[in-house]
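Me: I would like to go through this model by question and answer. Please start with the ligand site and then take the sheets and a helix.

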Amino acid sequence: MEKRGDHAVVLGASMGGLLAARVLADFYDRVTVVERDRLSADPVDRRGVPQSRLIHAVQARGIQILDELFPGFVDELTAMGVESWEGDLSTLHFAFGGHQTVRSGRAPNLPVILCPSRPVLEWNVRRRVKAITNVVFLEGRDVVGLTATPGRDRVTGAWVTDRASDRKRTLRADLVVDATGRGSRTPVFLEELGYGRPPEDELVGHFACACQLLRIAPGTIEEHLIALSPEPGRPKMFAMRGYEKDTWMVGVGTMAGLEQPSGGADMLRFAADFVPARVLEAIRTAERLGDVVLHHRVPSNRWRRYDKMRRRPDGLLVVGDAVCSFNPIYGRGMTVAAIEATVLRDCLRRGDRSLTRRFFRLSARKVRVAWQTAVGPDLTLPEVVGPRPISMRITNAYLGRVMTVTETDPVVAGQFMRVTSMVDSPIRLLRPSILLRVLQSKRRRRTEAQPVDEGLAGTLVAGCKEVVPQSGRMPAEVAATRGELQRAQSMRWSTQRERSSRNHGHPLKSVTTR
Ligand SMILES: Cc1cc2nc3c(=O)[nH]c(=O)nc-3n(C[C@H](O)[C@H](O)[C@H](O)COP(=O)(O)OP(=O)(O)OC[C@H]3O[C@@H](n4cnc5c(N)ncnc54)[C@H](O)[C@@H]3O)c2cc1C
């Protein structure tokens, strides 16, 4: 493969940094990964990634990319005892916005879904990256600043401090990639260099959660995965996933500032009104592995719009949570980091000219889908404050129907899950075969009477033009529904951003901090 430079430096060795390093190793002679933690040789939690002690699931799209970047990755996870779920709907207890997915039959055409624990997943990725001969890790080092050319038009490296000796040195690089997570200081560095900070989109949801790792005897729980997301009037969630070696992670969470449980017994009380009693009993009698992890908070979905900056220095990219962090309920972050790594690879294949501009523009297109499929469902909760543009309401009237049909139809449920697991674009829910099944459904459930059921808002509207066939006949009802969605096409998510940016102090804000 053609080389793009001598040395690339990656800041942060969590999922975003590791995947960026994997890609960069194909294009640079040397790649250095700088990490503040000392990295254990075993799959254990670490300080720099406190969320790894909490419930995590990587989406099927993320697993596909990992297997592509590291051939044999899925087999290695399986050999470590990571279970896979292959479409048997009876072992899935999945409720999205109050709609319980059908619990019999098989969802056709589903990719393999694996549930490794977060430490096992990250450790496997790290092990594979460490095996790449031109990648080195500098552990126990803090990144404290960026260096730039005298004209400040190009970032030339990073200032790094050794945590043990306090010695500071500069790492020179042709390319610096920031993957230091939500707390990234790149906005500050850019301000110091005279570029100002990137604008931000933000939806405040006040998510908080508590988690407990358990060991449960095989066969006690019939499900492979339980995920009960918040619904209007009940801003509470529950999730339970089987990890390796009969371990299970249980998580309960709240939104909109609702009070969290304060301990193990309280978690059971908290979940008693919406989780089956047999599941709660299995948790009550399980072996506890460590303490309950309490009060982890993610105040908002936040997207730093590097793609919107008028000026940026060359030689600096940002990935992962450092760009966009989501409400964790939707399990988006690691998969978005993986998708960004593929965008980086594709950009580098085309050369390094205008790399910064091309990368931020293309990755923003991918982030937008994940953003809309996280912010949209948050706004289905009346408890979450934020504008709900007409485009979102029209799209979600349809999505309300889709979710109602997932209660009985494995085909629609399978397509819906391909969308939520980020394998397919949301516009696939407008394929004629799915539209017909949705519109022909005789079921009219309580949810249809609800005024707002936003789900995957905006994305469908934005993309519906693409799925309208150029020729052929369409049933009248299908055509009418498509027409309705198309009319909403011009009123896109940007409407929401523009409106909210005029409304300072509103929880969904677009702020330019120059
Ligand atoms: C409760 C919770 C549950 C979640 N569940 C899921 C889920 O189910 N599925 C999913 O896909 N995502 C989930 N996420 C999100 C996921 O954890 C993140 O998206 C993912 O970890 C982002 O990876 P990252 O590499 O961008 O950043 P991070 O994981 O935050 O890592 C940043 C790295 O940079 C290092 N670092 C930071 N500052 C410095 C510095 N100055 N110098 C050197 N090193 C530094 C840190 O030590 C760390 O290693 C969840 C998040 C939370 C909070």
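Me: Why does the shell around the ligand lie between domain 1 and domain 2?

Reply: The model is predicted, so local features need pLDDT of at least 70 and side-chain atom pairs count only at pLDDT 80 or more, while totals for chains, interfaces and linings use all residues. Residues are numbered from 1 along each chain as its sequence is written. Domain bounds come from an automatic or database domain assignment. The shell lies between the two because both domain 1 (5–68 + 120–201 + 303–374) and domain 2 (82–116 + 202–299) give residues to it.

Me: Which element gives the largest share of the shell around the ligand?

Reply: Of the 36 residues around the ligand, G12, G48, G181, G320 and G333 come nearest; a residue is near a molecule if its C-beta atom, placed from the backbone, lies within 6 Å of it. The elements that give two or more residues are α1 (15–24), β8 (141–148), β17 (293–304) and α8 (333–349); helices (H or I, at least four residues) and strands (E, at least two) are DSSP runs, numbered from the N terminus. The largest share, four residues, comes from α8.

Me: How many residues of the shell around the ligand are charged?

Reply: Ala, Val, Leu, Ile, Met, Phe, Trp, Tyr, Cys and Pro count as nonpolar, Asp, Glu, Lys and Arg as charged, and the others, Gly among them, as polar. By these classes the shell has 16 nonpolar and 14 polar residues, and the charged ones number six.

Me: In the open sheet of five strands, which are the edge strands?

Reply: The strand order is β7-β2-β1-β11-β18, with parallel pairing; two strands pair if DSSP finds at least two bridges between them. Strand β11 (residues 175–178) is joined to β18 by three bridges. Pairing on one side only marks the edge strands, β7 (135–138) and β18 (316–318).

Me: What is the bridge partner of R141 in β9?

Reply: An open sheet of three strands has the order β8-β9-β10 and antiparallel pairing. Within it, seven bridges pair β8 with strand β9 (residues 155–162). In β9, the partner of R141 is D162.
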